Amino acid sequence: MSSSNLQIESAVIIGGGIFGVSTAVQLARMGVAVTLINDGPLANGASGRSLAWLNSSRRRSIPYHRLRQAGMERYRSLSDRHRDADWLRFDGGLTWDAADAENEIAEIYRYERNLGYEALLIGGADVATWVPGVNGTAITEPGAILNPNEGWVELPVLIALLAEELRAKGGEIVTDAGPAEVHVHDGRARGAKTSDGRCFEADVTLVATGPAVPAMAAEMGVRVDDATPVAVLVETHPVDHPLRAVLNTPRVAVRPTATGAFFLDSGWPEDEVRQQPDGSYHVEQWVIDGLIEEAKKVMDPAPALDVATVHYGPKPIPGDGEPVFGEVTALPGCYLAFSHSGATLGLIAGELLAEEMALGLRHELLDPFRPERFMH
Ligand SMILES: Cc1cc2nc3c(=O)[nH]c(=O)nc-3n(C[C@H](O)[C@H](O)[C@H](O)COP(=O)(O)OP(=O)(O)OC[C@H]3O[C@@H](n4cnc5c(N)ncnc54)[C@H](O)[C@@H]3O)c2cc1C
């Protein structure tokens, strides 16, 4: 599909994670000549080690909730086109809080119901009839929220699929290029330069480099506040277990996978990550054992979980927690994509950004998330 309203002929995308690849393929579908540049292989950043729970759970600003719901809809459409996909599932999400004064489940449940977000409040005694594989005795009062519309995606599989389409549409993918930077000429972004001296010229440029976005934006004179932690994602070996929903519980999040392995993460291990002299990350064994034990407590029957891999690395999060999408007004032709929940937002963000870049539009849905908001 090409558009006669195209304002550009070519685009360079820096970053081979979900935002970069998704935007690139949308541009190629419109008939734009796209070059995508990544420092290493595709999906070697946050997208390659994401829990990738597709959700708009809990309290958010209304614009952010709308964007996330649009993001989930795009995955539904994708799932209709890939009906047998084992890498994209909608088996629901279940969440509960600790039994303390900060338990917000009753308020969150009302909030989600008021927004029309599908939510059921269920007690531990009833959970087995709704969600197989959960230990009901772990669920605290006043219960858990089941969001049947939620799911998960295997981002590396999706990225490979989108990259294949990009190549088929004539897009160029340059991997293992080392760190690239925006090529600026006459006060406008005109593509990218790679560290080995190559220059890729284009009419517009997208910086979708995950946790590297705030530093790259600073070089262009744009402040993007950053709250990126270093996250830990534990991948287990496959195990025979009935749990299919994503669990988000006080001490562990558990996400099934296509192979029968589980992904585990939580906020508390982020406080325990230490950087080694060689730049790599590390946590003590008790942290990994702790995540495994927490997962066993919320699953029924308690499985024998063995660690296959521990993934470490930055989880991109803007300073105010909300996404950063759109053109840098101080540098025409340069666009940014930087957000947490990039699994949920990956398809919708690519679609809207590509239209802004190629057609010169400004989408109302993205207006609350413009890069300049941190300057005020
Ligand atoms: C542990 C964890 C759990 C998460 N859980 C969820 C969840 O449940 N639901 C959800 O929706 N989201 C979740 N997220 C967030 C989501 O995974 C990210 O928001 C998303 O993957 C970000 O994609 P990206 O394209 O912005 O960045 P990335 O995937 O990091 O891609 C950026 C790419 O740019 C490359 N790069 C960097 N600098 C340069 C440069 N100068 N030149 C060239 N290339 C460069 C990097 O190597 C990388 O490949 C989670 C993330 C983590 C880490």
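1. Gly-210 lies in the loop that links strand 13 to helix 6 (213-219). The model is a predicted one. Is Gly-210 buried or exposed? Gly-210 has 25 C-beta neighbours inside 10 Å and therefore counts as buried, the cut-off being 20 or more.

2. The surroundings of Gly-210 deserve a comment. When neighbours within four places in sequence are set aside, the contacts of Gly-210 are Gly-15, Gly-17, Gly-45, Ala-46 and Pro-316. Val-182 is 28 residues from Gly-210 along the chain, and 15 Å separates the C-alpha atoms of the two.

3. An open sheet is built from six strands, with mixed pairing and the order 9-2-1-13-22-21. Its edges are strand 9 (172-174) and strand 21 (324-327), each of which pairs on one side only. On average, and with direction ignored, neighbouring strands of this sheet are turned by 15° against each other.

4. Helix 1 (residues 18-30) packs on this sheet, where it touches strand 1 (10-14), strand 2 (33-37), strand 13 (204-207) and strand 22. The directions of helix 1 and strand 2 make an angle of about 165°.

5. How do helix 2 and helix 8 cross, and at what angle? The axes of helix 2 (residues 62-81) and helix 8 (residues 342-359) cross at roughly 80° and come within 8 Å. Helix 2 and helix 8 are therefore roughly perpendicular to each other, as angles of 65 to 115 degrees are classed.

6. To this contact helix 2 contributes Leu-67, Arg-68, Ala-70, Gly-71, Met-72, Arg-74, Tyr-75 and Leu-78, while helix 8 contributes Thr-344, Leu-345, Leu-347 and Ile-348. By class, the residues of the contact are eight nonpolar, two polar and two charged.

7. For the chain overall, eight helices and 22 strands are assigned. The radius of gyration is 21 Å, close to the 21 Å given by the globule rule for 376 residues, so the chain is as compact as a globular protein of that length. Taken along the principal axes, the box filled by the C-alpha atoms is roughly 65 × 50 × 45 Å.

8. Of the 376 residues in the chain, 45% are buried. Among contacts between residues at least 6 apart in sequence, 72% join residues at least 24 apart.

Definitions and conventions
Residues numbered from 1 in each chain as written. Predicted model: local features only at pLDDT ≥ 70, side-chain atom pairs only at ≥ 80, totals over all residues. Pairing = 2+ DSSP bridges. Helix = DSSP H or I, 4+ residues; strand = E, 2+ residues; numbered from the N terminus. Axes fitted to C-alpha atoms, helices over the stretch in contact; angles between N-to-C directions. Contact = placed C-beta atoms within 7 Å. Parallel < 35°, antiparallel > 145°, perpendicular 65-115°, else oblique. Nonpolar A, V, L, I, M, F, W, Y, C, P; charged D, E, K, R; others polar. Rg over C-alpha atoms; globule rule 2.2 N^0.38 Å. Buried ≥ 20, exposed ≤ 12 C-beta atoms within 10 Å, placed from the backbone.
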